Amino acid sequence: MSSPPAFSSVRISGCWALGPDGGNSSAESLDRLYPAVGSTKPPRKRTTSQCKSEPPLLRTSKRTIYTAGRPPWYNEHGTQSKEAFVIGLGGGSASGKTTVATMIIEALDVPWVVLLSMDSFYKVLTKQQQEQAASNDFNFDHPDAFDFDLIIATLKKLKQGKSVKIPIYDFTTHSRKKEWKTLYGANVIIFEGIMAFADKELLKLLDLKIFVDTDSDIRLVRRLRRDISERGRDIEGVIKQYNKFVKPAFDQYIQPTMRLADIVVPRGSGNTVAIDLIVQHVHSQLEERKLRWDMAALASAHQCHPLPQTLSVLKSTPQVRGMHTIIRNKETSRDEFIFYSKRLMRLLIEHALSLLPFQSCTVQTPQGHDYEGRTYSGKQITGVSILRAGETMEPALRAVCKDVRIGTILIQTNCNTGEPELHYLRLPKDISEDHVILMDCTVSTGAAAMMAVRVLLDHDVPEDKIFLLSLLMAEMGVHSVAYAFPRVKIITTAVDKKVNDLFRIIPGIGNFGDRYFGTDAPPDWSDDEDALST
C-alpha cells in the first residue's frame with residue numbers, strides 16, 4: 001500500500017484550510033487511521049467551519065448556552081429532523097481545544113449543543129496498569145488507551161438524537177467512577193480529544209474536522225499548570241510523562257492527523273478570525289439542515305388545522321366552567337385558587353384514568369353472584385411531573401392510584417428563544433413497561449411538554465403509553481405535541497385559542513406556579529415558564 005499523499009496548507013483569513021498536496025505523514029504509525037488509498041469516493045470539499053461546547057450546563061458571561069437536554073426537532077408532520085451536525089475537534093494535549101469550543105459556542109449563541117470529550121473514554125486499567133499510572137509510567141497518549149468501540153457507539157446514538165450513558169473518568173485515581181452521566185442528543189455535537197481523528201469509523205461520523213494547532217512550548221506550560229493544580233501531580237512527574245509519552249505520541253499519532261482536518265486553527269483561542277469564519281459556517285449548516293425550531297412558522301402551520309383526535313377535553317359542565325371562572329379571575333385569592341385548582345386536577349386525573357386500557361373480568365360478590373366487571377390491563381401506572389407546576393398534580397394522582405410511582409423532570413423554557421432546557425431528571429426504574437401520566441398545569445407552545453415526551457421516549461416508554469395531562473392548553477401547544485407525537489394522548493380541562501408574542505396563553509390563567517405557590521412572576525414569564533423551580 002502506497003503512503004498517503006502529503007498535504008500542504010494554505011492560509012485563509014487567519015486559519016489554515018488544508019488541501020490534498022503536501023505536508024508530513026506517519027503512515028506506519030497511523031495505519032488504522034487513514035482511509036484506503038485509491039478510494040473512488042471524491043475528495044471532500046474543504047470549507048471554513050465550526051465548533052462548540054461543554055457538559056451539562058456550560059455558563060458564560062452572557063447566559064446559559066448549553067444544556068444536556070434534547071430539543072423537539074420535529075417538523076409539523078411529526079417527522080424527526082436530519083441527524084445532528086457533528087464536529088470533531090482535535091489537537092495536542094493542552095492545545096486549547098475546549099477554550100476554542102467555548103468561544104465558538106458563545107459567538108454562535110444557539111442553545112442545543114453537546115460536548116463529548118474523549119477524556120471520558122479512557123479504558124479501565126488493570127491492577128498492573130494502575131501501578132504504572134501512579135508512577136507516571138503508563139502511556140495515556142496512545143490510541144490503545146481509549147475505548148474506541150464505546151466512543152463510536154455513543155456518538156452514533158447521540159447523532160440520532162438518542163440518550164446515552166457517559167462514563168466519568170477520575171484523573172486523580174486514573175479510573176472510572178461508579179456513576180455515569182446521561183446526555184441527550186442535540187442539533188450540534190462537538191467531539192473533542194487528542195485522538196479525535198484516530199479511527200476510521202469515528203471519522204465517518206464527523207461532519208466537520210477542526211485541528212487546534214498550538215506551539216509545543218505553550219502546550220507544555222499549560223499542561224504543567226493544569227496537572228499540578230487540578231490533578232495533584234508534581235512537576236517532575238509531569239515533565240517525565242511529557243518527555244516519555246506525551247511529546248512522542250504527539251509526533252507519531254496526533255500531528256499527522258492535521259492532514260485530515262477541514263480547518264486548522266493556528267494559535268488556538270487567540271485566532272479570532274478563524275473562530276468568526278467557523279461560526280459563519282455553523283450558522284449556514286444549521287439553516288441548511290433546518291435545525292432551528294421556528295415558533296412562528298409552527299403556529300402558522302397549525303392555526304387552520306382542526307384539533308387532533310388524540311386530544312380529550314373534559315366535558316365543560318356548569319361545574320367545570322364555574323371552577324375555571326374562579327381560577328382564571330385575577331381577583332381570586334391564593335387559597336381559593338389552590339382549592340379549585342385541586343378540584344379540577346382530581347376531575348382531570350379521573351377522566352384520564354378512564355382512558356387507560358381495561359379488560360373484562362368476572363368477580364364474585366359477597367352474595368355469591370358473579371359480576372362482569374373491568375380491570376386495568378396494564379402492568380403499572382407511573383406519574384411524571386414537569387417541575388415545578390406539574391408537581392401540584394401529584395396529590396390528586398396519588399389519591400386515586402394506589403401504589404403509583406412518581407418521577408420528576410425539570411425543564412425551563414428559555415425566554416430568549418422560547419425553547420426548553422432540561423436541567424434535572426429522576427425517573428423510576430423499568431418505566432418502559434408502564435403507562436405514564438405526564439403532568440404539567442399549563443401548556444402554551446408545547447415546547448416543554450414535547451421535550452418531556454422526548455425524554456420518556458429516550459427511556460423506552462412507548463409513545464402510545466404516554467398521557468399528557470394539563471389543566472389548560474393553548475391550541476398551538478396541542479398541535480405541536482400531536483404532530484410531533486401522534487400516538488401520545490393529550491388530556492386537558494380546556495383549550496384556549498391563542499399564544500401571544502411572550503408565549504402566554506390568551507385569555508389564559510396567568511402564571512400557574514406563581515399563583516399557586518405565592519411567588520412573584522418575572523416580567524418576561526411565559527406559561528411554559530412554570531418549569532422553573534423556586
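Trainee: Helices here are DSSP runs of H or I, at least four residues, numbered from the N terminus. On that basis, where do F512 and Y516 lie?

Mentor: Both are in helix α14, 4 residues apart, about one turn of the helix. Keep in mind that this is a predicted model.

Trainee: Are F512 and Y516 buried or exposed?

Mentor: F512 is buried, at a relative accessible area of 0%. Y516 is buried too, at 10%. Their ring centres are 5.6 Å apart with planes at 25 degrees, so the pair counts as stacked.

Trainee: How many aromatic pairs does the structure hold?

Mentor: The count is 10. One of them joins F337 and F512, with centres 5.3 Å apart and planes at 50 degrees, so that pair is tilted.

Trainee: Changing topic. Which residues have the most contacts inside the largest nonpolar core?

Mentor: F146 and M195, in a core of 44 residues. Elements giving two or more residues to this core include β6 (113–117), β7 (164–170) and α6 (235–254). Helix α3 gives the most, with 5 residues.

Trainee: And what does F146 touch, beyond residues up to four places away in sequence?

Mentor: M118, F121, Y122, K123, F140, I151, I194 and M195. Apart from that core lies another, of 36 residues, among them I338, I381, I437 and F512. Back on F146, it also belongs to one aromatic cluster with Y122, F138, F140, F148 and Y169.

Trainee: Now T382. Which strand is T382 found in?

Mentor: Strand β15, residues 381–387. T382 is buried, with a relative accessible area of 0%. Its side chain makes a polar contact with the side chain of D434 at 2.6 Å.

Trainee: What else is T382 in contact with, leaving aside neighbours within four places?

Mentor: Besides D434, the list has V404, R405, P428, I431, H435, V436 and I437.

Trainee: Last one: is S360 buried or exposed?

Mentor: At 55% relative accessibility, S360 is exposed, because the cut-off for that class is over 50%. S360 sits in strand β13 (residues 358–364). Beyond four places in sequence, S360 is in contact with G373 and R374. The side chains of S360 and R374 make a polar contact at 3.2 Å.

Key. Residues numbered from 1 in each chain as written. Predicted model: local features only at pLDDT ≥ 70, side-chain atom pairs only at ≥ 80, totals over all residues. Heavy atoms only, no water. Buried < 20%, exposed > 50% of the residue type's maximum accessible area, 1.4 Å probe, protein only. Polar contact = N/O pair within 3.5 Å; in protein donor to acceptor, adjacent residues only side chain to side chain. Contact = heavy atoms within 4.5 Å. Core = buried A, V, L, I, M, F, W, Y, C linked by side-chain atoms within 4.5 Å. Phe/Tyr/Trp six-rings, centres within 6.5 Å; stacked < 30°, edge-to-face > 60°.
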